[in-house]
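Welcome! Please take a look at the sequence and the model below, and then let us walk through how the parts sit together.

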Amino acid sequence: MKTHVLPQLPYELDALAPAMSRETMEYHYGKHHQAYVNNLNNLLPGSGLEDASLEQIIVGAPQGGLLNNAAQVYNHTMFFLSLSPSAKKEPSGPLAEAIKRDFGSTEALRDQIGKAGAALFGSGWVWLARAKGGKLSLVSSPNAGNPLVQSLTPLLNIDVWEHAYYIDYRNRRPDFLTAIWDIVDWAAVEKRF
Ligand SMILES: [Fe+2]
């Protein structure tokens, strides 16, 4: 059986402050993300998906704990690896051109992600995703959702579960969705694109 592990981060836990404090990282990465990894490893034996990749589990597992925990491992790994204390603050090259084509501008895209995140009821994720033909779109997914199940390729995701922002921003989700752009590293998104 494949054993899933918490990914190492290429930055220190206090490196994303003030947008994201060390305490938030200690809970969000150190406890929540770790718990999803542990739950996934506990649920895999006997599932028939012991050696499957996270992507295979997300598109192939029935609704339930295994699917939810695999998706949350994938989602959090993408989220934390999209952040950097030395973030590239604007996309460039082909990604920037695609954003301009499909959203008008990067500023308009950030604005739409902020609005989608604020409007998402309860826990979930806002995604920038790419369709097979190349068109970019935003996806709002509740709970452990992931655009892979819609045959879309995830490029960037923003966590809007309360555990992502409550320590630093309390109930002010929109403030979190503004500050996050200080640490979103467009270089990571360009690589996925
Ligand atoms: Fe989270």
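The protein chain is divided into domain 1 (22-81) and domain 2 (93-192), with bounds that come from an automatic or database domain assignment. This is a predicted model, where local features need pLDDT of at least 70 and side-chain atom pairs count only at pLDDT 80 or more, while totals for chains, interfaces and linings use all residues. Residues are numbered from 1 along each chain as its sequence is written, and side-chain values use heavy atoms, leaving out hydrogens and water.

| Domain 1 and domain 2 | Value |
|---|---|
| Separation of centres, over C-alpha atoms | 20 Å |
| Area buried between domain 1 and domain 2 | about 1,600 Å² |

Carbon and sulfur atoms give 64% of that buried area, which is the accessible area (1.4 Å probe) that two parts lose on being put together, summed over both. T24, M78 and F79 supply 36% of what domain 1 buries against domain 2, more than any other three residues. In contact (heavy atoms within 4.5 Å) are 18 residues of domain 1 and 23 residues of domain 2.

Now for a helix pair. Helix 1 (residues 22-43) packs against helix 6 (residues 162-169) at an angle of about 160°, their axes being 9 Å apart. That makes the two helices roughly antiparallel (an angle over 145 degrees). From helix 1, the contact is made by E23, T24, Y27, H28, H32 and Y36, and from helix 6 by H163, A164, I167 and D168. By class, this contact has four nonpolar, four polar and two charged residues, where Ala, Val, Leu, Ile, Met, Phe, Trp, Tyr, Cys and Pro count as nonpolar, Asp, Glu, Lys and Arg as charged, and the others, Gly among them, as polar.

Terms used: Axes fitted to C-alpha atoms, helices over the stretch in contact; angles between N-to-C directions. Helix = DSSP H or I, 4+ residues; strand = E, 2+ residues; numbered from the N terminus. Parallel < 35°, antiparallel > 145°, perpendicular 65-115°, else oblique.
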